[in-house]
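Colleague: Before I use a model like this one, I would like to know how to read its features. Could we take them one at a time?

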Amino acid sequence: MSRIGKSPITVPSGVEISIDGSHVSVKGPKGQLAWKTPDDIFVNREGDQLLVTRPDDERRHRALHGMARSLVANMVVGVSEGFTKELEIVGVGYRAAAQGPSKLELQVGFSHSVPIDAPDGITFEVPTPNRILISGIDKQLVGQVAADIRKIRKPEPYKGKGIRYAGERVVRKAGKSAK
């Protein structure tokens, strides 16, 4: 039995869950998410908990069991609390500016500024010019948007300049040494 898959998912108050065969819909104060489970994985509601089960110990079913439980749990957390990723901008003259909740403009060492539009369900917040907060209810989408922004100017190993996740450690290289 999958250690992740066998643990139940607690449903907080204010979150409605509808299960229609293999289609799971979760609705909460922050929004609504839906997902179709793989064919042989079942989601059942027992009181204020959700249980994800599999038919047997076949390798494919074991692989999908924990993944399905994690995705449903992330949907429940997303519609009740939401997810946030924080990015740091390091470098002289590097900065971000929010232009509304769904538009961002980056100055990261190019001759031009880089505009970024948020997909549906994602909001940007810039508390200081060198910090970006990305928020949304879909954990995968929040992480993907953060990775796309980081990809614009990855942290370089010599001076550490670039866009990085908050708390990310950049391994620095020694520069050239004089003879």
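Colleague: Which residues line the largest pocket?

Modeller: Rolling a probe the size of a water molecule over the atoms shows where empty space is left. Here the lining is Leu33, Ala34, Trp35, Leu71, Asn74, Met75, Ile137, Asp138, Lys139 and Gln140. Strand E4 (31-36), helix H1 (59-80) and helix H2 (139-152) each give two or more residues to this lining. The model is predicted, with pLDDT of at least 70 needed for local features and 80 or more for side-chain atom pairs, while totals for chains, interfaces and linings use all residues. Residues are numbered from 1 along each chain as its sequence is written, and side-chain values use heavy atoms, without hydrogens or water.

Colleague: How many residues of each class are in that lining?

Modeller: Six are nonpolar, two polar and two charged.

Colleague: What is the strand order in the open sheet of three strands?

Modeller: Strands pair if DSSP finds at least two bridges between them. The order is E1-E6-E5, with antiparallel pairing. Strand E1 (9-10) and strand E5 (42-46) are at the edges with a single partner strand each, so one side of each has no neighbour in the sheet. Five bridges join E5 to strand E6 (residues 49-53) in the antiparallel sense, and Phe42 is opposite Thr53 in E6.

Colleague: Which ring does the charged end of Arg153 sit over?

Modeller: The test is NZ of Lys or CZ of Arg within 6 Å of the ring centre and within 35 degrees of the ring normal. Arg153 has its charged end over the ring of Phe110, 4.4 Å from the centre. Lys85 lies over the face of Tyr165, at 5.3 Å from the ring centre.

Conventions: On a 1 Å grid over the protein atoms alone, a cavity is a set of points where a 1.4 Å probe fits but cannot get out, and a pocket is an open set with protein on both sides within 12 Å along at least five of seven lines; lining residues have an atom within 4 Å of a point. Helices (H or I, at least four residues) and strands (E, at least two) are DSSP runs, numbered from the N terminus. Ala, Val, Leu, Ile, Met, Phe, Trp, Tyr, Cys and Pro count as nonpolar, Asp, Glu, Lys and Arg as charged, and the others, Gly among them, as polar.
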